[in-house]
Amino acid sequence: MTLYSKIIGTGSYLPPQRVTNQDLIERLARDGIETSDEWIVSRSGIAARHYADADMQSSDLAVEAAKRALDMAQLAPNDIDLIILATSTPDFFGGFPSTACVVQRKLGITNECAAVDVQAVCSGFVYALSTADKFIKSGSHKKVLVIGAEVFSRIIDFKDRTTCVLFGDGSGAVVLSASEEPGVLATSLHANGSYGDILCGPGRISNGVLEGSAFMYMDGQAVFKLAIGLLDRVANEALQLAKMDASEVDWIVPHQANIRIMQGTAKKLGLSMDKMIVTVDQHGNTSAASIPLALDVGVRDGRIKPGQNVMMEGVGGGFTWGAVLARM
């Protein structure tokens, strides 16, 4: 019997505070920084994003998405035997205890299942999903909770209009289950550390003192040029591994970074934008949360149906990139 891993539940959560472009324009104007709705939309496709309240952490967002995914999967928290959580904004400085462990506690999971964080920035969810797939296919685990959760509003510089308008907060989750039916069909992951400086968190701690900036840095043009080619390449690698053609893909659910990158990706694959789930306009770039957020939107509004083939792909700081091709 061939053992597969299959997505049996999806969930997502956005913090209540919705910030439109106009809201952000007014905030930036108070610091003497000028921008416009036209400038933001034309460069990114973003009209709004959500910010977490000061007392909300990545784990709080993750728990809400996880509950919804568990509910769809008709599972109790203690049915989960592994938690893999992708984030670049963990609850604790230094990343420990891991946000995955915090989520385990907040969900009331008492079975002592393994819980671990994955850090691959905006590729984090596809890295986490690929890892979960391997655990299930090895036979060691049967029910894995995979989460992407971010509070990027905490690490963006609101004096840098080129980046602060792009990012938002949110979370998304899936439950991956061992199955006799095809689910995850192929995965492909890559990294190239020589591009690490074009998208990074440059600050370092020495003897308890911050050296450098606490804010993220992004060379937008360099990331844009690199991303389109890498996303096309990794999607085709996943298709080749699955012995499938791009025409067999029903939906693309890409990292929601920039509408122009997403349009370029669809064009290179020869697919219509009608086959792409787009949430960047309302969510902004939520890093590791963006793919599971968009996936859940597509599932819950009825566009993504059982039996359809979904390509999930992303690029992130590191530089990292990856794709997962799955049958729903």
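1. Let's start with Ile205, which you'll find in strand S10, residues 204–206. Strands here are DSSP runs of E with at least two residues, helices are runs of H or I with at least four, and both are numbered from the N terminus. Keep in mind that this is a predicted model, where local features need pLDDT of at least 70, side-chain atom pairs count only at pLDDT 80 or more, and totals for chains, interfaces and linings use all residues. Residues are numbered from 1 along each chain as its sequence is written, and side-chain values use heavy atoms, leaving out hydrogens and water.

2. Five strands make an open sheet with mixed pairing, in the order S1-S7-S6-S4-S5. Pairing takes at least two DSSP bridges between two strands. At the edges sit S1 (4–13) and S5 (114–118), each pairing on one side only.

3. Have a look at S1 and S7 (residues 169–179): they run antiparallel, joined by nine bridges. Gly11 stands opposite Ala173 in S7.

4. Two helices to check. Helix H3 (residues 58–73) lies across S1, S4 (82–86), S6 (143–151) and S7, at about 125° to S1. Helix H10 (residues 290–300) packs on the sheet and touches S1, S6 and S7, its direction making about 95° with that of S1. Contact means heavy atoms within 4.5 Å; axes are lines fitted to C-alpha atoms, for helices over the stretch in contact, with angles from 0 to 180 degrees between N-to-C directions.
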